[in-house]
Amino acid sequence: MSMDIAIPQPVERENYLNKKYGVWSWLLTTDHKRIALLYLLSITFFFFIGGFFALLIRLELLTPAGDLVQADTYNKLFTMHGMVMVFFFLIPSIPAVLGNFLVPMMIGAKDLAFPRVNLLSWYLYVIGGVLMLHCMLTGGVDTGWTFYAPYSTNFTNTKIVEAGLAIFIAGFSSILTGLNFVVTIHRMRAPGMTWSRLPLFIWAHYATSIIQLLGTPVVAVTIVLVAAERALHLGIFDPKLGGDPLLFQHLFWFYSHPAVYIMILPSMGVVTEIIACFSRKRIFGYSFIAFSSIAIAVFGFLVWAHHMFVAGMSVYAALVFSLLSYAVAVPSAIKVFNWTATLYKGSIHYDAPMLYAFGFLGLFTIGGLTGLFLSALGINVHVTDTYFVVAHFHYIMVGGAVMGYLGGMHFWWPKISGRLYPEGWARLAALIVFIGFNLTFFPQFLLGYMGMPRRYYDYSHMPEFQVLNVLSTAGATVLGVGYLLPMVYFLWSMRYGKPAPDNPWNAAGLEWMTASPPTTFNFEEEPVVTWEAYNYEELDSPDKDAPRSQEVPVAR
Amino acid sequence: MARNVDALYIFLLIVTGMMTLLVFSFLLFFAARFRHRPGVRAEQIEGSTALEITWSAIPFLIFMVIFAWGAVVYFKERTPPADAAEIYVVAKQWMWKLEHAEGQREINELHVPVGRDVKLIMTSQDVIHSFFIPAFRIKQDVLPGRYTVEWFRATKPGVYHLFCAEYCGTQHSGMVGDIVVMEPAQYEAWMNGASGGPLSATGEKIFAELGCSTCHRSDIQGRGPNLHGVFGKPVQLEDGRTVTADENYLRECILEPGGKRIKGFQPIMPTFQGLVTEEQVNALVAYIKSISTAKPGEAAKTSASATAPKVEEKVQAHGSQVQ
């Protein structure tokens, strides 16, 4: 194995990238790795669209008066920012790109269980995405990504049905990905790859897939009901016809709360892999991290109404949902403690992926702890629907999920592209993202407790909020630079980067025993697993050539 | 109320601050202490069930303290005192319409005296809004088709922000106003500039105009139930259920009379959906309340005769303020 490392071959080896050329070889591919790249392209596109909206929002809030755009435009901007980022970036981000690429390789399989379904899921995503783009270009939606009835059903004249349809279709893409992962993880593990030997990235994706499978149909139903209500005035959510607008909120959050875990669980999986690799250690408390993922997926379905403490529910319902929200905080805390403990007596390297993982730990901890404020009923009443909530969920979904995503992209980039990214630039970008993020969102906690409501286009009634808003906008600019940088140097590295060795980090895991980039079927022969996950002791031992390389035939 | 919320908030800041400090100092300490040094290998550690149980149980116990404290504050926020002054709020895109029990009407502005419990009985004419006064730390969504309630007691004179906190369309951010808290004497003076008479009197007029009084009679058994003394009492429905006749029940009976019919009466009442405005419904509800002898909650606990004198006193007090 050591022989193969690091010597760039003058003649390029055959791999999944150069096996076939031409547009159709990509558009009709069933290779999970190529589909992952198709997803990577499309979600990056939507990430920058969503980011552009965010930038306009922040620019508008630079001054208290509504001066940059019209009120309606602003309302559409934050709506489209939310919809694009949630449904077309965050939900597919790690599962559809890194998960697609890595799940089969990590368990020693040639591909996912249903390669064509995998391709279908990308096409559904693209159809949904194109519909969403069309919707945005021809008028957009102004309800907020939450679609609350009866505003969405009886009042707004914007393109609710089209946006709903876009999300409905993209939802099926998410369901199919989840289904594919569940079946693959159950049925296609290599001999010896028992459940307790799975990388925790796989456990995280397993938990995520279950949420996708069980949760997404509910939001699909909700969208159908909204469309039906608009077209036929059935009176499901309309109190004048005997309906109940709160029913909408229950249905919506029944999916959309677990959806937060669709975004964060895979990121936790990524961070687990990175921390183990860069501290050269087996992860501390393997089974606790594994089962806490499952616990989060299960409890995640039982806390939806904590978004509704002031919505007009009974106080007793609020009590139950508050209690359960604290229950879901425990497995998250367990994870943070285990990650921290993993560092103990490690041999820690500070490459860019690890910097992102540290960033994740810091930001996720703050995001999680501010969740304790929001679950406390008495405080929730004051801070819900203010910038406190905005800050909280950005700490989880951007500080957590996106940091994990970027960390993972750096960690596996050599495997994906066969090239090394420029390490210095990557560390700089990680630092810029971390600083920019905190500068953008920390002031929003303060704004929220001071009482600034969300979704306010104009705050000239309360000019005292301006200072913190200016800080936040300044931070957003820094953050924007931090996000552009990786895109630039990743692209640069595809052409000019040093060719990557098969295992540049000397990391554990079957994916690192394939070539960089891997061949179409990943492994030449089915690997047989005889070791536990995260066997860094073995990898770092002086006589490390011993058992593994003989038993795992590596495709060349 | 603000003080209760802030106390819990500060407690949480301290607790989470300590947790953050703990986690971050371990992170940073480990990060520095165990950074890679040539020749030093990581020491493999499998995990520790004892540690796992410790760091699950201790946070869980802390969480339960926060939960319980938060719940206590919430129950206070959600339980208006029985003798609070009542103000009816109607929200619409994009304004707040407020009406005092004494008949004063205001838009995007609410005058209240210092030290008086104020209960807001709120409904919306169109979409969901949310009545948010950051300085008092209270917020409650305002829904179409039902009443929601919140209450506060202002302790310091001044002008405070009123925001709509639930996104409600184009001018959502323009749906703001002021809560003007005045010294009682000033408030009396402001109140005396009022006109129109108490809300319940308006309701009585509407009650007569719409012909409600032909069926809902108090002298003899009419075709509809006698509404005197009905408010706040449990009533038995045709389907066997028993519900408390609160504001939401009265509202529902006016707009959807078929839904929760009182046992022993025929379903002959027409709906008034679309025939009366939200303000008129409020006035009708205020009227029906004014002819009842007990406040909600008390009815269940004490006999009607025991509470009667107290309520009469209160009605008189209201009367004197208006005159």
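Trainee: What pLDDT does chain A average?
Mentor: Chain A averages 92, and 96% of the residues score at least 70. pLDDT is the predictor's confidence in each residue, from 0 to 100. This is a predicted model, in which local features need pLDDT of at least 70 and side-chain atom pairs count only at pLDDT 80 or more, while totals for chains, interfaces and linings use all residues. Residues are numbered from 1 along each chain as its sequence is written, and chains are lettered from A and ligands numbered from 1 in the order in which they are written.

Trainee: Where in chain A does pLDDT stay under 50?
Mentor: Over residues 546-556, for which the model has 20 contacts beyond four places in sequence. Two residues are in contact if their C-beta atoms, placed from the backbone, lie within 7 Å. Where pLDDT is low, the predicted coordinates should not be read in detail.

Trainee: Next, helices. How do H11 and H14 of chain A cross?
Mentor: The axes of H11(A) (residues 352-375) and H14(A) (residues 423-450) come within 9 Å and cross at roughly 10°. That makes the two helices roughly parallel, a label for angles under 35 degrees. Axes are lines fitted to C-alpha atoms, for helices over the stretch in contact, and angles run from 0 to 180 degrees between N-to-C directions. Helices (H or I, at least four residues) and strands (E, at least two) are DSSP runs, numbered from the N terminus.

Trainee: Which residues meet there?
Mentor: H11(A) brings residues including A:Leu355 and A:Leu363, and H14(A) brings, among them, A:Val433 and A:Phe437. The residues of this contact divide into 10 nonpolar, 2 polar and 2 charged. Ala, Val, Leu, Ile, Met, Phe, Trp, Tyr, Cys and Pro count as nonpolar, Asp, Glu, Lys and Arg as charged, and the others, Gly among them, as polar.

Trainee: How many residues does each chain put into the contact between A and B?
Mentor: Chain B gives 72 and chain A gives 73.

Trainee: And which element gives the most on the chain B side?
Mentor: H2(B), with 16 residues. That side has 38 nonpolar, 20 polar and 14 charged residues.

Trainee: What about strands in B: how does E9 pair with E10?
Mentor: E9(B) and E10(B) (residues 177-182) are antiparallel over 5 bridges, with B:Leu162 opposite B:Gly177. E9(B) also runs antiparallel to E6(B), joined by 2 bridges. Two strands pair if DSSP finds at least two bridges between them.

Technical notes:
Angles under 35 degrees count as roughly parallel, over 145 as roughly antiparallel, 65 to 115 as roughly perpendicular and the rest as oblique.
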